Amino acid sequence: MRVAESPTKDLSIRLAGPGDLDAIERLERASFTRDRFPRRNLRRLLSRSSAAFLIAAVGGDEAGYAMVLYRRGAGVARLYSIAVDPAFRGRGVAAALIRAAARSAREKGAARLRLEMRPSNMEAMRLYERAGFTFFERKAGYYADGEDAIRMDLVVGSGEEGGGGAPQ
């Protein structure tokens, strides 16, 4: 069994910009065999104020990203995608991205952060549960291949109230 070294001392998270498109696309390809975003969709979302891309870097290497979507006045943000390079898995990158996504949602005034995931992805489900997400709905036939989706929710508080409930 491989014991992963913690990257916390040289892990940083920053907002992505248009110049990060190649890195985000590389992380998508390395992380997913299905449900990948086409490059043109990533480019379009990177330019939208309703989306925030967070890049995790370890020692200067892009290790992962998270995409959070917002709708004005909705009070709910959506963790739309999270991807970690296989070389950096098991080192706390995904958990750090989730914490950063929760902070970002709270700063934008959201009270909740929600996501959809495949129930067959047990590793992701354990990650989200450890981060404080709870199940609230199953959507039948959600994915193109017919698999259901599990919808999960995390209370992050509100920007005006100073937050609460978000993992630190």
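E1 and E2 pair in the antiparallel sense over five bridges, where two strands count as paired if DSSP finds at least two bridges between them. Within this pair, Ser12 stands opposite Ala57 in E2. The model is predicted, so local features need pLDDT of at least 70 and side-chain atom pairs count only at pLDDT 80 or more, while totals for chains, interfaces and linings use all residues. Residues are numbered from 1 along each chain as its sequence is written, and side-chain values use heavy atoms, with hydrogens and water left out. Helices (H or I, at least four residues) and strands (E, at least two) are DSSP runs numbered from the N terminus.

The sheet is open, with seven strands in the order E1-E2-E3-E4-E5-E7-E6 and mixed pairing. Strand E1 (11-15) and strand E6 (134-139) stand at its edges with a single partner strand each, so one side of each is left without a neighbour in the sheet.

H1 lies across E2, E3 and E4 and runs at about 95 degrees to E3 (axes are lines fitted to C-alpha atoms, for helices over the stretch in contact; angles run from 0 to 180 degrees between N-to-C directions).

Buried means under 20% relative accessible area, exposed over 50% (1.4 Å probe, protein chains only). Contact means heavy atoms within 4.5 Å.

| Helix | Buried residues | Packs against |
|---|---|---|
| H1 (residues 21-31) | Leu21, Ala23, Ile24, Glu25, Leu27, Glu28, Ser31 | H2 (39-46), E2 (51-58), E3 (61-69), E4 |
| H4 (residues 122-130) | Ala124, Met125, Leu127, Tyr128 | E4 (76-84), H3 (93-107), E5 (112-117), E7 (149-155) |

The face of H4 turned away from its buried side carries exposed Glu123 and Arg130. Just after H4, Gly132 takes a positive phi of about 105 degrees.
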